[in-house]
Amino acid sequence: MFDAQSDLAALVYDDQDDPDAVLHEFAGELNAQGYRAVGMVQAGQCADSSLSAVLIHSGETLLLAQPPSPGATGCKLDLARLQDAGARVAGALEAGADILIVNRFGKRERDGKGLGYLIERALGADIPVVIAVSRHSFADWIKFAGGMSVKLACERSALQGWWRSVSLRTTTRVASDHVTVCEAFK
């Protein structure tokens, strides 16, 4: 599924970290600089049934939680709403993107469902991907990614350093005046 040329990064967080704020600020910064960041960042919490996602390419907020049941505590992810959000992100990817940002790697992605297909599409189109991964799920992430990902601390500076490296490689890769050694000897 993934290869050594993939620009795939896991923003690994602990319980006290806020990967959503890190990813949301990073996406805003990229878009302000003229890049096209596509994807979604989690907003709200399951504890109060406000679990939602912000589409970073449009600013739209989508509720992801099922309507609360009488007497229920917490919330349950509405898979149809998650798939709708994924379809919106897929459409934005097709319209062009410089990076895909995915809010979480969870059990659905681990089991081959959820938003994993977006990662495959982006990497297949040579679009770098960053995803928030809980330290508790990191072993599952490594299996999912086939070991082919960069592990980043849940800090904006780590994310920015990775992006500088990725965006330089992307720019170099598409430079039209660059002549490879093989081309020079043809």
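**Sheet and aromatic pairs**

Seven strands form an open sheet with mixed pairing, in the order β4-β3-β2-β5-β6-β1-β7. Its edge strands, β4 (61-63) and β7 (150-153), each pair on one side only. Strands pair if DSSP finds at least two bridges between them. Strands (E, at least two residues) and helices (H or I, at least four) are DSSP runs, numbered from the N terminus.

This is a predicted model: local features need pLDDT of at least 70, side-chain atom pairs count only at pLDDT 80 or more, and totals for chains, interfaces and linings use all residues. Residues are numbered from 1 along each chain as its sequence is written, and side-chain values use heavy atoms, leaving out hydrogens and water.

**Sheet**
- Strands β2 (residues 37-43) and β3 (residues 52-55) run antiparallel, joined by four bridges.
- Ala43 has Ser52 in β3 as its bridge partner.

**Aromatic pairs**
- The whole structure holds six aromatic pairs. Rings of Phe, Tyr and Trp (its six-membered ring) pair if their centres lie within 6.5 Å; planes under 30 degrees apart count as stacked, over 60 as edge-to-face and the rest as tilted.
- Phe105 and Trp141 are edge-to-face, because their ring planes stand at 75 degrees, with centres 5.2 Å apart.
- Phe105 is in strand β5 and Trp141 in helix α5 (residues 138-144), so this pair ties together parts 36 residues apart in sequence.
- Phe105 and Phe144 form a tilted pair, with centres 5.3 Å apart and planes at 55 degrees.
- Ring pairs also link Phe26, Tyr35, Trp162 and Trp163 into a cluster.

**Burial**
- Buried means under 20% relative accessible area, exposed over 50%, partly exposed in between (1.4 Å probe, protein chains only).
- Phe105 is buried at 3%, Trp141 at 0% and Phe144 at 12%.
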